[in-house]
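Look at the structure below and keep the sequence at hand. The paragraphs that follow go through side chains that pair up, and through where those side chains sit.

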Amino acid sequence: RLAQPQAMNCLKANMRAVWLEPAASEVNLLEATATSPPSVEQRLIATIVEFADGRPLMEWPFALLRRIGQAVIDGESHITTGPSGKEWYLDDPDARNKFRQPYRDFPASLAQSFAQLHANARGKSQRWLNPRGIKRTMDELRNFLDEEWPAMELRSQFARATWTALGLSGEPQFDRLVAIPAWRIMLDAEGAAIYARAIVHKQTRVVQRSDLIQLVYLGVSGLRILATADGPFLSMATQIVNGRYVGARVVHINSLL
């Protein structure tokens, strides 16, 4: 949508009117670089550059979580986000071409790493739910996140696994982590993925993990909005975020144009 000059100009005008600033991300760069043919990739990169308007890319979500985790270890009360360090890829098509295949492989590897976990969880949950005639739907996701997910041991297991995978030392201070919006929203995204893939009776189109990790960006301070036109992601993300995280919203891109 934003490759169209009229749409981009409208978005920027509406953002200025409510004191919002553009924040393109390293995830946007990854997804654009993994796109083919080259003409589409070039158009997407140009759109990211136009949208970012000279501002740095938001860093990789797990890099942000790691910096927050290290701040917890060091007893710091806050961190300040900075450039991702990948901004130069926007201006260097040869560099993007060199890393295109690894970029394309990453979303698949990210999804595959949790696919078996979700499959195993689905078998167990459905064997318990089906004989009891319980048929959960995606419309109940918000209730699951509010009432059931916080008490599940699986939530702390995800936190511990993420903490270890990020190379953070010691045992995570779980109570403190879930009080930090960026970490809590990532754990809620994990819970939503488990709910959608393991508990819901009739599965819908799978929301990609590379989409869900972007919700970490809504864990920063201030007013923040994530816009998308991806229907399944929008449906899931609004239940995770809207009304549950003060100052954060997920909206359809059309509402900003």
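A residue counts as buried when its relative accessible area is under 20%, as exposed when it is over 50%, and as partly exposed in between, using a 1.4 Å probe and protein chains only. This is a predicted model, in which local features need pLDDT of at least 70 and side-chain atom pairs count only at pLDDT 80 or more, while totals for chains, interfaces and linings use all residues. Residues are numbered from 1 along each chain as its sequence is written, and side-chain values use heavy atoms, with hydrogens and water left out.

Begin with the charged side chains. A salt bridge is a side-chain nitrogen of Lys or Arg within 4 Å of a carboxyl oxygen of Asp or Glu. By this rule there are ten salt bridges. One of them joins Glu190 and Arg209, with 2.8 Å from N to O. Glu190 belongs to helix α10 (residues 181–199) and Arg209 to helix α11 (residues 209–212), so the pair links parts of the chain that are 19 residues apart. Helices here are DSSP runs of H or I with at least four residues, strands are runs of E with at least two, and both are numbered from the N terminus. Are these two partners, Glu190 and Arg209, buried or exposed? Both are buried.

Another salt bridge is formed by Glu41 and Arg96, also listed at 2.8 Å, N to O. This pair connects helix α3 (residues 38–52), which holds Glu41, with helix α5 (residues 93–98), which holds Arg96, across 55 residues of the chain. Glu41 and Arg96 are both buried.

The salt bridge between Glu171 and Arg160 has an N to O distance of 3.3 Å. Glu171 lies in the loop between α8 (153–165) and α9 (174–177), Arg160 lies in helix α8, and the two are eleven residues apart. Glu171 counts as exposed because its relative accessibility is 59%, and Arg160 is partly exposed because its relative accessible area is 34%.

Now turn to the aromatic rings. Rings of Phe, Tyr and Trp (its six-membered ring) pair if their centres lie within 6.5 Å; planes under 30 degrees apart count as stacked, over 60 as edge-to-face and the rest as tilted. The whole structure contains five aromatic pairs. Among them is the tilted pair of Phe144 and Trp149, with 6.1 Å centre to centre and 35° between the planes. Phe144 is buried because its relative accessible area is 0%, and Trp149 counts as buried because its relative accessibility is 0%. Phe144 and Trp149 form one aromatic cluster together with Phe158 and Tyr195.
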